[in-house]
Structure formats: C-alpha cells, structure tokens
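Subject: The structure, with notes

Hi,

Here is the structure we talked about, handed over for you to browse. My notes on what turned up in it follow below.

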Amino acid sequence: MMGQLPVIRNFSLFFFFFSFFCAASSFNLSVISFDQGYTHLFGEGNLVRSSDGRSVRLLLDRYTGSGFISANLYNHGFFSANIKLPSEYTAGVVVAFYTSNGDVFEKTHDELDFEFLGNVKGKPWRFQTNVYGNGSTSRGREERYRLWFDPSKEFHRYSILWTAKNIIFYVDEVPIREVIRNEAMGGDYPSKPMALYATIWDASNWATSGGKYKVDYNYAPFVSEFSDFVLDGCPADPLQLASAGGCSDKDAELESNDYSAITPLRRISMRKFRQKYMYYSYCYDTLRYATPLPECVIIPSEKRRFKDTGRLKFGGSHKKSSKRRSRVPVATTSDRQAAA
C-alpha cells in the first residue's frame with residue numbers, strides 16, 4: 001500500500017538499530033574552535049584551517065602527511081571530534097585520533113588510540129582501538145572493528161573518555177568499548193597526563209592486507225576533515241605530577257557527565273555493536289595471552305564466535321599482518337602492532 005511503512009520482519013535487526021538510535025542521543029558537549037585548543041604538529045602546508053576556524057583538514061600527499069596536537073596535556077578528560085575520512089582508494093593510509101604522552105615519557109608512556117585503516121577502492125574502512133599504560137607496549141590491547149556506515153561520506157563523532165575509573169571509546173555516542181580499572185592492571189592503566197593528537201600518514205608497509213596494497217598517490221591528496229572539537233579535562237604539567245591533586249574538582253565534574261557512565265540501553269547497544277562489527281579481540285587471543293589480561297571480561301556467548309587467534313570463526317577472513325620494522329615519529333604505538 002502506498003504510504004505504508006515497510007514491515008521489519010527481522011526483530012533482532014530492528015532492535016539493533018532501535019537501540020543504536022536511542023543510545024546515540026547527543027551528549028551535551030561544549031565545542032571549541034581549532035585555535036582554542038590545538039596547534040600544528042607536522043606537515044608544512046598540509047594542515048588547512050577553515051575560514052571560521054571551526055574545522056581543519058589534514059592532507060597526505062607524496063611528500064608528507066600532517067597532524068595536530070592539543071596545546072595542553074590533560075590529567076583525564078573527554079576528547080572528541082567529528083571526523084570525515086578520505087574516500088575512494090585509501091589503501092596504506094592511516095588516520096589516527098589518539099591521546100599520548102610519548103614525547104615526554106618515551107619509555108613509560110601512556111596512550112589511547114582510534115586508528116582508521118584505509119582500504120582498496122570498493123572495500124570499507126576498518127579501525128582499531130588500543131590502550132597502553134606505563135610503556136606496556138609488549139602487552140597490546142587491540143580490538144578491531146568494521147563500521148555500520150561509510151565514514152568517508154559524512155562526519156561522524158569519535159570520542160575517548162579517560163577517567164581514574166574507566167576508559168570508554170564512543171562512535172556517534174554509541175559506546176563500543178569500555179576498560180574498567182582494577183588493581184591487577186597496575187601501571188598498565190594510563191595514569192599520566194596526555195595530549196590529544198590527530199595525524200594522517202603513509203603506512204604502506206603494514207596498514208592494508210599486511211602491506212600488500214600500498215598508497216597510490218594517483219588518488220592524492222588524501223583528505224581527512226575534523227570539526228566540532230571537544231577538550232574537556234584538567235590541564236596538567238606532566239613533569240609536576242603532584243599537581244594532579246588540583247584536578248579533583250574537574251575529575252568529579254567529568255565523572256558526573258552523561259558520557260562517563262554506560263546506561264543499560266547503551267550497554268545493550270555496545271553488546272550489539274561488538275557482536276556484529278568486532279572481528280578481533282585480544283581478550284580471546286589465547287595464542288597471544290594464554291591467560292586473559294586482568295581487565296578482560298570473558299562473555300561465553302561472545303567467546304564462542306572467536307578462534308584461539310582472537311579472530312572470528314566465520315566472516316573473519318582478514319589476514320594477520322606482521323609487525324612494522326620502523327615507526328613514523330608521530331605514529332601511535334598501536335601502529336607497531338599487526339593491523340588486520
């Protein structure tokens with residue numbers, strides 16, 4: 001009948017998108033302009049500000065990538081931006097949105113990562129999240145996912161919450177991963193002030209199919225766009241750690257915000273996302289970690305879907321790539337890990 005809504009026969013699919021819609025109700029965020037919170041990091045001429053200062057484009061061409069960094073380091077915070085990724089052929093391209101203090105604590109640094117991995121034309125972007133504390137690079141905590149949309153078509157919000165109690169990664173206000181601090185983690189839980197970074201660069205030797213597909217500069221420049229920035233945290237001097245005590249009020253304010261706790265409905269959305277779009281988890285990689293790391297919450301129904309390599313039994317055709325031999329100076333630590 002004309003004008004009649006289509007009947008959704010798959011209730012589980014309906015519930016999945018219904019819960020996504022409900023969970024994605026917008027947070028009450030105070031956005032800032034680029035110049036209010038960030039500064040150019042590298043890539044002369046490849047960082048382009050908008051005329052109103054509210055957005056910035058990062059370009060990768062055959063000469064250089066580009067990046068920016070927050071003007072301050074923060075002792076906990078909520079770090080967020082609307083991001084649009086490059087389109088068409090993007091194999092070998094990596095766009096990273098992450099917090100780190102590696103420039104200050106080279107051997108004992110902390111880090112929280114979103115890393116977007118490009119692909120050949122017609123194949124979707126994939127991404128991974130990772131957590132490092134106190135230089136724990138030998139204990140990578142990667143999870144890898146697909147998305148339920150094309151991130152090159154329009155802007156989507158990506159956010160990292162970091163408090164003394166937990167870490168949550170969000171995509172469009174939908175929580176996709178939570179790490180709850182416990183005593184057994186020790187120094188592996190990030191604890192020192194970090195800055196926010198965003199970069200785009202050439203990772204041809206590992207990013208797509210283990211380096212099989214390289215960056216094709218016939219498609220350059222590759223452009224990633226960032227807008228509606230959020231930096232909500234307590235600025236801190238990383239070399240004066242005692243000053244972190246002055247952040248108690250800001251920490252309490254941060255932990256009282258809507259995004260600092262996962263509601264029951266959002267938890268359902270997170271579980272649905274992980275069931276449908278996560279294709280690797282270190283928690284189920286028993287070849288890598290015979291005993292799961294202490295923060296892992298093993299869900300039997302979820303575990304049954306994964307091989308002992310941490311990869312999906314069905315639909316997980318991504319081949320594991322080898323570790324990189326070198327590191328781009330501004331790359332995230334996760335870039336050292338094998339990216340599916």
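Let me start with the surface: the protein chain exposes about 15600 Å², and carbon and sulfur atoms supply 52% of that. Accessible areas come from the Shrake-Rupley method with a 1.4 Å probe, and for residues only the protein chains shown count as cover.

Please keep in mind that this is a predicted model: local features need pLDDT of at least 70, side-chain atom pairs count only at pLDDT 80 or more, and totals for chains, interfaces and linings use all residues. Residues are numbered from 1 along each chain as its sequence is written, and side-chain values use heavy atoms, with hydrogens and water left out.

**Overall make-up**

The protein chain has five helices and 15 strands (DSSP runs numbered from the N terminus: helices are H or I with at least four residues, strands are E with at least two). Of its 340 residues, 54% count as buried (under 20% relative accessible area; exposed is over 50% and partly exposed lies in between, with a 1.4 Å probe and protein chains only). Among contacts (heavy atoms within 4.5 Å) between residues at least 6 apart in sequence, 70% join residues at least 24 apart.

If you want a pairing to look at, strand β11 (residues 166–171) runs antiparallel to β12 and is joined to it by six bridges. Isoleucine 168 has glutamate 178 in β12 as its bridge partner.

**The eight-stranded sheet**

Another open sheet, also antiparallel in its pairing, has eight strands in the order β1-β4-β13-β6-β7-β8-β9-β15. β1 (38–42) and β15 stand at the edges with a single partner strand each, so one side of each has no neighbour in the sheet. From one strand to the next, the twist averages 15°.

Helix α4 (residues 264–277) lies across β8 (126–132), β9 and β15, running at about 90° to β15.

**Disulfides**

How many disulfides does a search of the whole structure find? There are two, a disulfide being a pair of cysteine sulfur atoms within 2.5 Å. They follow the pattern 1-2, 3-4, with bonded cysteines counted along the chain.

- Cysteine 234 is joined to cysteine 247, S to S 2.0 Å. Cysteine 234 lies in strand β14 and cysteine 247 in the loop between β14 and α3, so the pair ties together parts that are 13 residues apart in sequence. The torsion about the S-S bond is about -75°, so this disulfide is left-handed. Cysteine 234 counts as buried at 11% relative accessibility, and cysteine 247 counts as buried at 1%.
- Cysteine 283 is joined to cysteine 296, S to S 2.1 Å. This link is left-handed, with -85° about the S-S bond. Both cysteine 283 and cysteine 296 are buried.

**Cores and one proline**

The largest nonpolar core has 57 residues, of which Phe68, Phe114, Phe127 and Phe226 touch the most other members. A second, separate core of ten residues includes Phe78, Leu161, Ile168 and Tyr259. A nonpolar core is a set of buried Ala, Val, Leu, Ile, Met, Phe, Trp, Tyr and Cys residues joined through side-chain atoms within 4.5 Å.

Finally, have a look at proline 86, in the loop between β5 and β6 (93–100). Proline 86 is buried, with a relative accessible area of 3%. Leaving aside residues up to four places away in sequence, proline 86 touches Val95, Trp125, Ser152, Ile200, Phe222, Val223 and Ser224.

Happy browsing!

Key:
Two strands pair if DSSP finds at least two bridges between them. Axes are lines fitted to C-alpha atoms, for helices over the stretch in contact, and angles run from 0 to 180 degrees between N-to-C directions.
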